[in-house]
Amino acid sequence: MEIFGGGVVLGLPNNSAYIGSNAVCVAPLGWQRALYRSFGWLYFQRLSGYLRFCVTSRAAHIPVLPDEIVRAFCLESGQTYVDCTAGLGGHAVLLASGLAPGGRVVLCDLDEGNLSRACGRVGDLDLQVAVEPIQGNFAALPRAIAQHSWQADAVLADLGFASNQMENAQRGFSFSRDGPLDMRLDPSGSTTAADLLAILPEAELVRILREYGQERAARPIARRIVAQRSREPIRTTLQLADLVRSIVRKNGRIDPATRTFQAVRIAVNDELGSLEALLAGIERGARQAAKQADNATLTARQADMVVQTHGWLAPGARVGIVSFHSLEDRLVKRAFGRLVTAGLAEPIGSQPTSASQAEVAQNPRSRSAKLRVIRIVADKEQKLPTYLV
Ligand SMILES: C[S@@+](CC[C@H](N)C(=O)[O-])C[C@H]1O[C@@H](n2cnc3c(N)ncnc32)[C@H](O)[C@@H]1O
């Protein structure tokens, strides 16, 4: 039974409503009565919990900056779109129809569960578009795409975690839900947050909290972690959150544990290292695309004499990255800036693009989102003035 419809209002026995974005489906009273008759009240409550899980986990993640991304990418039928962070498929669903018929959507995610949800959602659209899943770190995606001899016309990385990962207490991302201190985006990864807090020397903890969390109380927090772990291991999210709250006082609406959780999550998943590797892959792809465009101007005889190397980015490809904190945005800004200065890319739209007030009101997660998009310059003759793109 598929209740998901992009946006769903589902009548459940406790009158709860779960709202997504497009269609509306209200379970009719007769349907509810029939279920109750068939399954009994207890079973129905369990079923409603399951339905709620399906609805919230598949519908509640609203993609950020949707219009801005669709406009910036200008996808055409037959093209290849690479989503480095498939998540719940929100952006992929929006963009896939622009590729039909005959295009290709390559979906990548560290989280196997999310990857299969995203593939399912794009597949459910029933477009004449190939859906290609790649489970793993986007750091390795440029090479994987090249190995398949695909060329991307558009690439998106919407960094960080998805709402279902945050909401699931068992994943350990949330400081307001008690659960194991895990924080791995790839649940099969080797090191959890609890492992890191158990083994890192105090100086390294200070560095992580300072660098990745911009936490001013890095030193006392690290000292307290080391003292506490000598008595008993720090295993749960609330243990860590309470430890931080006992040192940093709440100032305004932000929970004092926010910066520590961000820092530990970045360290567990080596998020900045992965982003740097992706940016290096984009730079390599841009250089190969420029060479490919140059080769296209050679005569047939000259072309025979050079080794034709096709990189993973098609000449003219558009690359967009959405970041959620200044550490990520700084890396993206510098890398894109280097490509623009080298004449290998040009910026598209305002740099960076932020969410409108209307979007922030509808989707608070978009408040800190910053989108930067570049177009890989294939042929300087074809280079469009910024106001036309
Ligand atoms: C913000 S969500 C993406 C949401 C998606 N754009 C959507 O609209 O549904 C980020 C996703 O990227 C994945 N992710 C984060 N870092 C990754 C990495 N280095 N490689 C691959 N996937 C990653 C996370 O597991 C998560 O599912």
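The model is predicted, so local features need pLDDT of at least 70 and side-chain atom pairs count only at pLDDT 80 or more, while totals for chains, interfaces and linings use all residues. Residues are numbered from 1 along each chain as its sequence is written.

**The chain as a whole**
- The chain has 15 helices and seven strands, which are DSSP runs numbered from the N terminus (helices H or I, at least four residues; strands E, at least two).
- Of the 389 residues in the chain, 40% are buried, a term for residues with 20 or more other C-beta atoms within 10 Å of their own, C-beta atoms being placed from the backbone.

**Helices H8 and H9**
- Helix H8 (residues 202-213) packs against helix H9 (residues 218-231) at an angle of about 135°, with their axes 8 Å apart; axes are lines fitted to C-alpha atoms, for helices over the stretch in contact, and angles run from 0 to 180 degrees between N-to-C directions.
- Because of this angle, H8 is oblique to H9, as angles under 35 degrees count as roughly parallel, over 145 as roughly antiparallel, 65 to 115 as roughly perpendicular and the rest as oblique.

**Around the ligand**
- Among the 21 residues around the ligand, Pro 63, Thr 85, Gly 87, Gly 90 and Asp 158 come nearest, where a residue counts as near if its C-beta atom, placed from the backbone, lies within 6 Å.
- Helix H3 (90-96) and strand S2 (104-109) each supply at least two residues of this shell.

Terms used:
Buried ≥ 20, exposed ≤ 12 C-beta atoms within 10 Å, placed from the backbone.
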